[in-house]
Amino acid sequence: MNPEAPTGEAPRISFVSLGCPKALVDSERILTHLRAEGYELSRHHDGADVVIVNTCGFLDSAKAESLEAIGTAMKENGKVIVTGCMGAEPEQIRNAFPNVLAITGPQQYESVLGAVHQAVPPAHNPFVDLVPPQGIKLTPRHYAYLKISEGCNNRCSFCIIPKLRGDLVSRPAGDVLREAERLVKAGVKELLVISQDTSAYGVDIKYEASRWRDREVRAKFLDLSSALGELGAWVRMHYVYPYPHVDAVVELMAEGKILPYIDIPFQHASPRVLKAMRRPGNQEKTAERIHRWREICPDLAIRSTFIVGFPGETDEDFEFLLEWLDEVKLDRVGCFKFEPVDGAPANELADPVPEEVKQQRWNRFMKKQQAISAARQQKRVGRRIQVIVDESGGLSAKGRSVWDAPEIDGNVHLVSRRPIRVGDIVTAKIDRADAYDLYGQVV
Ligand code: SF4
């Protein structure tokens, strides 16, 4: 520790965070380090000493958004450091903006910090503890994303994430649990577990056990889920694949230890398309698996995403998908029209689907799913359920049920006789529902 007195005013950083929740967690880590070193955060580019742009390179549209954000930062400030997924392909950024100070790839925290130090050295004050123990969160105080691994061992043909982020690297269970504990202690009521493939957690480190509290916890999806369930917060699982070992985690959901919610990106149902997509998991048995999960945990909500218009998708494949939707009756579903991603093997596949056919299929898909979601929502009318409050106007509020993740799912609109606060978990009676949202009163 350098016992020097503080060296003047703290340098200011303006930060732009683009992309998925995983990128958001990276942003939080960078900001936490910088705050620990005494940097201040600036709301505007023009008052900052340097701007960091954490980019997303998943789709061409995301790349365009990233380039636009870099352009704005260059115009309004001029001292810009670029990091994140798009940083894995620096030429594109250099060609458009030759004067950016530095470009680093995803998870290269050290390089980002090094670039910041070089651009504007920290004002050192070792006597002031600038960082709350839970770090800096970009999400509201009552929920937080918990990243359990980086990278992915799958090689889906439409995806370049393994190329950008490498193979699966799991965090030891003890580390994840300590971070989760700190978050809960700091007021977080809901932990959103994320990774590229949550059900593959620990495969790379041979499920190695690590110390947490007074015991050893294995780096296994089931063991980690069970330990997280002891923390007294809502625990929500994202990006799970339908492997057989997930059944035991659904049992934890049935016991109320973690939320009865699974986010599974199925992407398609037709075995032919899934094969062309090179999707993981035994997809042919997926419908059976879903029925089994619903037997174990009747209250389970399943959310998923799909791609229509994948190269080679025939009318039969698409009809198969619609019938499958009818059979499995998912709760929440997002659908994308296939879009080629630079560098993805799927771009080489024969028989691209014309844009107007993609649009028609998308319309039919959404119509079918909307009816399914609406019917599932109706089953919740009349029930008393727990709701976590995201926004409050005192006697009216907007929150989410255990079946709704923030940002991607629906809301519960509430009225109350007594004031309710953001982050409260209240009991509400549901009076009505539409395809997305529930409406009720606090009891
Ligand atoms: S599972 Fe497939 S889509 Fe998801 S990150 Fe891995 S390769 Fe990409």
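Arg141 counts as partly exposed because it has 14 C-beta neighbours inside 10 Å (12 or fewer would be exposed, 20 or more buried, and in between is partly exposed, with C-beta atoms placed from the backbone). This is a predicted model, in which local features need pLDDT of at least 70 and side-chain atom pairs count only at pLDDT 80 or more, while totals for chains, interfaces and linings use all residues. Residues are numbered from 1 along each chain as its sequence is written.

**Arg141**

- Arg141 sits in the loop between α4 (109-119) and β6 (143-147); helices (H or I, at least four residues) and strands (E, at least two) are DSSP runs numbered from the N terminus.
- Leaving out residues up to four places away in sequence, Arg141 touches Gly187 and Gly423, where contact means C-beta atoms, placed from the backbone, within 7 Å.
- Arg141 and Ser27 are 114 residues apart in sequence, and their C-alpha atoms are 16 Å apart in space.

**The annotated cysteines**

- An unreviewed UniProt entry places the feature "binding site" at Cys20, Cys56 and Cys85; such annotations may be inferred rather than shown by experiment, positions follow the numbering used here, and feature names are shortened.
- These residues span 66 residues in sequence, yet no two of their C-alpha atoms are more than 10.4 Å apart, so they gather at one spot.
- Cys56 lies in the loop between β3 (50-55) and α2 (60-76), and counts as buried because it has 22 C-beta neighbours inside 10 Å.
- Cys85 lies in the loop between β4 (80-84) and α3 (90-96), and counts as buried with 28 such neighbours inside 10 Å.
- Beyond four places in sequence, the contacts of Cys56 include Cys20 and Cys85.

**The ligand shell**

- The residues around the ligand are Cys152, Asn154, Arg155, Cys156, Cys159, Ile161, Pro162, Gln196 and Asp197, each with its C-beta atom, placed from the backbone, within 6 Å of it.
- By class, this shell has 5 nonpolar, 2 polar and 2 charged residues (Ala, Val, Leu, Ile, Met, Phe, Trp, Tyr, Cys and Pro are nonpolar, Asp, Glu, Lys and Arg charged, and the others, Gly among them, polar).

**Helices α11 and α12**

- The axes of α11 (residues 315-328) and α12 (residues 355-378) come within 10 Å and cross at roughly 10 degrees; axes are lines fitted to C-alpha atoms over the stretch in contact, and angles run from 0 to 180 degrees between N-to-C directions.

Note on methods. Two residues are in contact if their C-beta atoms, placed from the backbone, lie within 7 Å.
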